[in-house]
Amino acid sequence: MRTFIATTALLTTLAATAQADLARYELDGEHTAIYFTVDHIGYAKTLGIFTDLSGSFMYDVETQELGEVVVSIDAGSVNTFHKRRDGHVRGGDFLHVSEHPEITFVASGGTPSGDTIGTVTGDLTILGVSLPVTLVVTLNKVADYPFGHKREVLGLSMATKIQRSDFGMTYGVENNLVGDEVTINIETEAMKMN
């Protein structure tokens, strides 16, 4: 019994120590791009980017422990580099931003598969529908930022694919005018805040 209590106490102490090493990182909006491509009638992929977003997470560089991932995207900030198309994408056929102004991604942890690669699975919410999505993540660089403040910055590349019809966005799917599969890429610099 004493061994059990001692072991439990040790594990609790180790968990608390590991938890204490997690630092908060925030996405640098000036150096973050969330962009997507989707097929247009089979001719080519159309590119879109979201320009207004915020996000943060907890991370330990040494242990690769990840937690409290929260990203919020202003759906109305979508830009496909064509004014009329942007209006259509913001409307009821696609993002319906008047009813669903925010896209979110929330995750509680990740799974490293190497020193610089891993996956993060969380809930992606679009049009009020939340579904699990897995991001493939590459850690490009960890270093103090060379300009201004000298805080640590993580450089990250992430990618995933979704079926937009799973979220209720079915316009153009049945007649193949607009592809169902959407490829999503994220490039970000995340700043250590503490």
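The structure is a predicted model, in which local features need pLDDT of at least 70, side-chain atom pairs count only at pLDDT 80 or more, and totals for chains, interfaces and linings use all residues. Residues are numbered from 1 along each chain as its sequence is written, and side-chain values use heavy atoms, with hydrogens and water left out.

Two helices and 11 strands make up the secondary structure of the chain; here helices (H or I, at least four residues) and strands (E, at least two) are DSSP runs, numbered from the N terminus. Read from the N terminus on, the order of elements is α-β-β-β-β-β-α-β-β-β-β-β-β. The chain has 194 residues, of which 38% count as buried. In these terms, buried means under 20% relative accessible area, exposed means over 50%, and partly exposed lies in between (1.4 Å probe, protein chains only).

Empty space comes next. Rolling a probe the size of a water molecule over the atoms shows where such space is left. A pocket, on a 1 Å grid over the protein atoms alone, is an open set of points where a 1.4 Å probe fits, with protein on both sides within 12 Å along at least five of seven lines; lining residues have an atom within 4 Å of a point. Grid points are joined across faces, edges and corners, and the volume is the space filled by probe spheres set on the points. On this basis, the second largest pocket has a volume of about 160 Å³. Its lining consists of N140, K141, A143, D144, Y145, P146, V153, L154, G155 and E189. Strand 9 (129-144) and strand 10 (152-163) each contribute at least two residues to the lining of this pocket, and strand 9 gives the most, with four residues. By residue class, the lining of the second largest pocket holds five nonpolar, two polar and three charged residues. For this count, Ala, Val, Leu, Ile, Met, Phe, Trp, Tyr, Cys and Pro are nonpolar, Asp, Glu, Lys and Arg are charged, and the others, Gly among them, are polar.

Two salt bridges are present in the structure, a salt bridge being a side-chain nitrogen of Lys or Arg within 4 Å of a carboxyl oxygen of Asp or Glu. One of them joins E26 to R24, with the closest N and O atoms 3.3 Å apart. Within this pair, E26 is partly exposed at 27% relative accessibility, and R24 is partly exposed too, at 33%. E181 and K161 also meet through their side chains in a salt bridge, at 4.0 Å from N to O. Since E181 lies in strand 11 and K161 in strand 10, this pair ties together parts that are 20 residues apart in sequence. K161 counts as exposed at 52% relative accessibility, while E181 counts as partly exposed at 37%. The C-alpha atom of E181 is also separated by 9.9 Å from that of D166, 15 residues away along the chain.

L177 sits in the loop between strand 10 and strand 11 (178-192) and is partly exposed, with a relative accessible area of 33%. I41 belongs to the loop between strand 1 (23-40) and strand 2 (44-50), where it is partly exposed at 37%.

Most residues other than glycine have a negative phi. I41, however, has a positive phi of about 55 degrees although it is not a glycine. N176 likewise has a positive phi, near 60 degrees; N176 lies in the loop between strand 10 and strand 11 and is exposed, with a relative accessible area of 56%.

V173, in the loop between strand 10 and strand 11, is partly exposed at 23% relative accessibility. V173 and I41 are 132 residues apart in sequence and 9.8 Å apart in space, C-alpha to C-alpha. L124, in strand 8 (residues 117-126), is buried, with a relative accessible area of 9%. Between L124 and T134, 10 residues apart in sequence, the C-alpha to C-alpha distance is 9.3 Å.
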